[in-house]
Amino acid sequence: MDRLNFVLLLLFSCLVKVHGEDPYLFFDWNVTYGTISPLGVPQQVILINGQFPGPKINCTSNNNIVVNVFNQLDEPFLLTWNGIQQRKNSWQEGTLGTNCPILPGKNFTYHFQVKDQIGSYYYYPTTALHRATGGYGPISIHSRLLIPVPFDSPEEEFSVFVSDWYTKSHKTLRSILDEGRSIGRPEGIIINGKNGKGDGKDEPMFSMVSGKTYRYRFCNVGMKDSINVRFQGHTMKLVEMEGSHTVQNMYESLDIHLGQCLSVLVTADQEPKDYFLVASSRFTKEPHIATATIRYTNDPASPELPKAPEGWEWSLNQFRSFRWNLTASAARPNPQGSYHYGQINITRTIRLVSTAGDVDGKRRYAINGVSHVDPTTPIKLAELYGVADKVFKYDLIKDEYIAPSGNEKITLAPNVVNATYRNFVEIILENHEKSVQSWHLAGYNFFAVAIEAGRWKPERRQNYNLLDAVSRNTIQVYPNSWAAIMTTLDNAGLWNLRSNSLERQYLGHQLYFSVLSPSCSLKDEYNMPDNDILCGIIKDLPLPKPYSI
C-alpha cells in the first residue's frame, strides 16, 4: 500500500465512523538501522521512526489499529503483535507461517482490531533474529469508559521493557546459530534500551510525586533470561497480567519470564529522593544487573540495591500466588469469573515434550521429535490456495509423546497440528532440561492451571486450579517440570505456539495449530486482505473464492 492508498483508507475510516464503527488509530512507521550503545559499546540496532524501543500503541478495547510499515532494512521484515488475539484474523499475525515478509524498500499495512481485549502487550520482529537488536515496542489497551476497572486511575503510566542484551549484531548472532554453535550468554541487562549502573550518575528514567500512585507496565522482551524486577524501598501491587485483572497481592519483587507482561501499581510513599528500579537476570551463575533511576527530588539514591531471590522454587511459589480476579470486569462488563473454565469437559489432551539434539552436526530444538522449519510458502497461504500437500504435512507429531528407546532422531519439517474448531483442549508442556523455558500461544488466552516438578500423568489433574487460574498467553516451565494450560480453540486461523527463547525458536522450538472452521464462513474467519503479500508457489495462482456469510 502506497501513501495515497493509505490516505484513502484514512478517509474511508472517517466515513465508517459515521455509521458507528469502533474508532481507528493510524500509524506510519519507518523501520531503519541506527547506532546506539545500550551496554556502552556502539552497535547497530533496529529503530522504528528513529526510536528504540519503538513507538507506543496506546489504544482502547475494540479500537481498529492500522500500521503502515516501511521496511528500510536490507533484509525482509515482519512484525507480530504479541498477545493480540487477532480474532478471526490470523492474516495479521505477522509470523512466517502466516505471512510473506515485507521486502527491503517495500511497505505493508497491518489492519487489525483489539477486539474484547485490555492489558499490556508488545510488538516485535519475527524475521531473521531481528528482535535481538530491537524493532520492538509497547501496546497498552485500556478499558472502555463504561467498563469498571478494579483500581483507581493512576497519576501516570510507564512502559518498562526489561531485556537481556548482546553486543553482537543480529546478523552475527544468526550466523553463529546457522553454523551450529550456541550464541552463549548475554552480555548484560537493559531497561528501556539503557543500562543504568546504579552509581547516581544516570539521568532519571521516571519521575514520581509524593503521595501519588503510578502504573508500571513491565514486559520481558529478551532472548534468553528470566528477569526479576524490584523497586528500592517500595512494594508493588500486581493488578494485571497479559489482559487479565489479578487478585491484588503485594510483592517486593517479581519474576518476569521471557515474553511475559504484567502491570503493577507503585505508590510514592517514601522519603522524597531518588530510588532505583532494579532488574537482574535469574537462574544464571553470574547474574547481570541494570538499574533505572526514579526521581522524587534530586537527592541521590542509596547505593544499596535490594537483593534478588534465589532458586526456581521461590519463582514457582510466586506463580502459585497469582490469581484471577473473579469479580472484576475485563474488556466486557460481565465479571471475569462468569466464565467457568473448570466445568468444561476436555475434548483433547496434547502432551508436548521439548527435546534437543544435533542434526548434521548442528544444534536443533524439537517438540515431540519435530524441529520446525518455515517453508518458503507460508502455511496459511498454502491452506487457502489448496496446495497444503505440496508445502507441509499435518500431524507429524502425535498427541502423546513416546520417548525413543535409543537416541532420538529429530525431524526437520514444518510442524503443523490439525486442531478442531471450538474444541476445549488441555496442553501439557514438559521440560526435561536444566533451564527454564517460556512459551507463548498466539490467537488465544489460556488458563495456566498448574506447574509442577517431574513428569505429567493424568492423575496430576487433581492438583489443577480449576477456579481462578490467570487467563494469559505465556507460561514458564521450570527445569525437569511440566505446565498444564487449558483453552477453547474458538478462534479460527493458523496460530503459533513458540518458545520465547529466540535461539530456541529460531532453531525449531515452535509449531502451528491449524484451526479451520468447517463452515468456511465470514462468521468464523475473515478473508485474506486485498493487500496481502504473496510469495512461494502460490504467487501466480488465481485467487481462491472468498468466504461469504
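Biologist: How does the lining of the largest pocket divide by class into nonpolar, polar and charged residues?

Modeller: This is a predicted model in which local features need pLDDT of at least 70 and side-chain atom pairs count only at pLDDT 80 or more, whereas totals for chains, interfaces and linings use all residues. Residues are numbered from 1 along each chain as its sequence is written, and side-chain values use heavy atoms, with hydrogens and water left out. A pocket is an open set of points on a 1 Å grid over the protein atoms alone, with protein on both sides within 12 Å along at least five of seven lines, and lining residues have an atom within 4 Å of a point. With Ala, Val, Leu, Ile, Met, Phe, Trp, Tyr, Cys and Pro counted as nonpolar, Asp, Glu, Lys and Arg as charged, and the others, Gly among them, as polar, the lining has 9 nonpolar, 12 polar and 6 charged residues.

Biologist: Which residues lie nearest the centre of the largest pocket?

Modeller: The volume of the largest pocket is about 800 Å³, taken as the space filled by probe spheres set on grid points that are joined across faces, edges and corners. Of the 27 lining residues, those nearest the centre are Gln85, Asp116, Tyr339, Asn445 and Ser471.

Biologist: Which strand gives the most to the lining of the second largest pocket?

Modeller: The second largest pocket holds about 620 Å³, and Asn89, Gln92, His111, Tyr526 and Pro529 are nearest the centre among its 23 lining residues. Its lining comprises 8 nonpolar, 9 polar and 6 charged residues. Strands (E, at least two residues) and helices (H or I, at least four) are DSSP runs numbered from the N terminus. With 4 residues, the one that gives the most is strand S6 (residues 107-113).

Biologist: Is Gln92 buried or exposed?

Modeller: Gln92 is found in the loop between strand S5 (79-82) and S6. Its contacts (heavy atoms within 4.5 Å), leaving out residues up to four places away in sequence, include Trp81, Phe108, His111 and Pro529. Buried means under 20% relative accessible area, exposed over 50% and partly exposed in between, with a 1.4 Å probe and protein chains only. Because its relative accessibility is 3%, Gln92 counts as buried.

Biologist: Which element supplies the largest share of the lining of the largest cavity?

Modeller: A cavity is a set of grid points where a 1.4 Å probe fits but cannot get out, and a search of the whole structure finds 4 of 30 Å³ or more. The largest has a volume of about 70 Å³, and Asp255, His257, Gln260, Phe322 and Gln476 are the closest to its centre of 13 lining residues. Strand S18 (261-267) and helix H3 (312-321) each supply at least two lining residues. The largest share, 3 residues, comes from H3.

Biologist: How many nonpolar, polar and charged residues are in the lining of the second largest cavity?

Modeller: The second largest cavity holds about 40 Å³. Its lining includes Arg131, Tyr136, Asp164, Trp165 and Met223. By class, the residues divide into 6 nonpolar, 2 polar and 2 charged.

Biologist: Which residues does Leu497 touch, not counting those up to four places away in sequence?

Modeller: A nonpolar core is a set of buried Ala, Val, Leu, Ile, Met, Phe, Trp, Tyr and Cys residues joined through side-chain atoms within 4.5 Å. The largest such core has 33 residues, and Leu497 is one of those with the most contacts inside it, along with Leu352, Leu429, Ile475, Leu511, Phe513 and Val515. With residues up to four places away excluded, Leu497 touches Leu352, Leu429, Trp439, His440, Leu441, Gln510, Leu511 and Phe513.

Biologist: What distance separates the side chains of Asn473 and His440 in their polar contact?

Modeller: Asn473 occupies the loop between strand S29 (471-472) and strand S30 (474-477), and it is buried, with a relative accessible area of 2%. Asn473 and His440 are 33 residues apart along the chain, with their C-alpha atoms 5.7 Å apart. A polar contact is a pair of N or O atoms within 3.5 Å; within protein, one must be able to donate a hydrogen and the other to accept it, and residues adjacent in sequence count only if both atoms are side-chain atoms. For these two side chains the distance is 3.1 Å.

Biologist: Which residue's side chain is joined to that of His372 by a polar contact of 2.9 Å?

Modeller: His372 is found in strand S23 (residues 370-372) and is buried, at 3% relative accessible area. Beyond its neighbours within four places in sequence, its contacts include Arg364, Pro414, Gln510 and Tyr512. The 2.9 Å polar contact joins its side chain to that of Asp374.
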